[in-house]
Amino acid sequence: MSVHPSPALRSLPTSQPADQAAVRRSNLALVLRHLGARGSRSRAGIAADTGLNKATVSSLVAELVERGLVREGEPHRAGSVGRPGRGVELDGRRVGGIGVEINVDYLTALVLDLTKTVLFEQRVALDVQALPPEEVLDAVAELTSRAVRECARRGVLPVGVTIAIPALVDVEGGVVAFAPNLHWRDVPVVRGMTDRLAGLLARYPMPVRMANDANLGALGEYAMGGVAGTPDLVYLAGEIGVGGGVIVGGRLLGGAEGFSGEIGHIQLDPAGPDCGCGRRGCWETLVGMAGMLRLAADADDPVSDPSLDLEQRMDMIRRRAETGDRRTLDALGKVGAGLGVGASILINVFNPGVVVLGGYFASLGPFLLGPMTAELRARVIAPDIGGCRVELSRLGFAAASRGGANVALEAVLDDPALVPLLSAARSSG
Ligand SMILES: [Zn+2]
């Protein structure tokens, strides 16, 4: 798996004299990211790869070891002769990034360490639409506390919480401006969470952030999905609605106010069904999970029951499709074709290398890909769909929480000095 320089690192000035402490911090980040991307390396190897001199690399590595982010690894033989150099490698055990997802009928919390290993993951079914935001935040805070306590139990320092939510998010203010499928407007989620977690945050000071779930899903796919590192990527998440994230040239497309990616509300049928956003015939009314379930099952069918686990419900639908159930197959055929109609617009605009299908699109992908691809071939103007592949997410419903945990870890990779020295952590108890 590869690690890519973050936009922050890339935008550091390279030719102007900068303040020495800032140079040191950016060099710490350079070495840490390099080890993340390349695995175990000798100090001499790091110096050769990065262009830093060997004395500087030794000093930087020593500091990263003191911060618990790097450890001595296996002996490293540079050539076939000579004394093997001692390698150093990323030490994932010190810090954990926490990703939390609020969705229409479930909550998830997840902890990833610096090597992207999952230390904790829990999903609970919750009918979020039926509850006032305050009660939902109580449940989110409880689940987040469990993740923090699991970090503490393992001796892992939590370095940030990122909340993923299907909403237009004012990222700076930490406010949900509008979440059509949750029926939330102007909800100060980040303040609500920092209030509820005040005790834990006093003990483990860390930022609480929030972002659109599909944007975080796109970042999760880019960081650790099956197509990680694909610089031009469109991510489509099939949830109750349809969210999307667009990565262009290795960067998430944010837009002027950070509201980009609302592709579920591209209007495909002006006379179509009512959408949660107050308009009609939006793409998500045709291919979102709610639309799919209306076609595939009656309202009292267990697959439509939001109190059951989502994966279980999707398994039921997949089994029906596999056994040739006509209604299910017709529904999935329509949804697949509808996916192709909407995705062709995005492919015509962005010419991505890959479209990743996440959420329930991934669970039922084998039944959606055929009709989707047929529509793409008919509608994308570039030859051979502009070279675009359609891939099913391996992260599934977990992409957004992984993207969120990654955002917290990226902050450490950008500035390893955010993590206190082990000696300081010990002396403060
Ligand atoms: Zn809409």
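I started at Trp184, which touches Val128, Pro133, Val136, Ile165, Val176, Ala177, Phe178, Ala179 and Val189, leaving aside residues up to four places away in sequence. Contact here means heavy atoms within 4.5 Å.

A note on the model: it is predicted, so local features need pLDDT of at least 70 and side-chain atom pairs count only at pLDDT 80 or more, while totals for chains, interfaces and linings use all residues. Residues are numbered from 1 along each chain as its sequence is written, and side-chain values use heavy atoms, with hydrogens and water left out.

Next I looked up the cores. A nonpolar core is a set of buried Ala, Val, Leu, Ile, Met, Phe, Trp, Tyr and Cys residues joined through side-chain atoms within 4.5 Å; buried means under 20% relative accessible area (1.4 Å probe, protein chains only). The largest one has 78 residues, and Ile102, Trp184, Leu236 and Met292 have the most contacts inside it. I also found a second, separate core of 37 residues, with Leu32, Val61, Leu110 and Leu413 among them.

Then I turned to the zinc ion. Its protein donors (N, O and S atoms within 2.8 Å of the metal, or 3.2 Å for Na, K and Ca; water is not among the atoms, so sites may look incomplete) are His265 (ND1), Cys275 (SG), Cys277 (SG) and Cys282 (SG), at 2.0 to 2.3 Å. I noted their spacing in sequence as H-x9-C-x1-C-x4-C. The four donor atoms subtend angles of 106 to 117°, so the arrangement is tetrahedral (all angles between 85 and 135 degrees).

Last, I checked burial at the site: Cys275 counts as buried because its relative accessibility is 9%, and Cys282 is buried at 1%.

Technical notes:
Buried means under 20% relative accessible area, exposed over 50%, partly exposed in between (1.4 Å probe, protein chains only). Four donors count as tetrahedral if all angles lie between 85 and 135 degrees; four count as square planar and six as octahedral if opposite donors are over 155 degrees apart and all others between 65 and 115; anything else is irregular.
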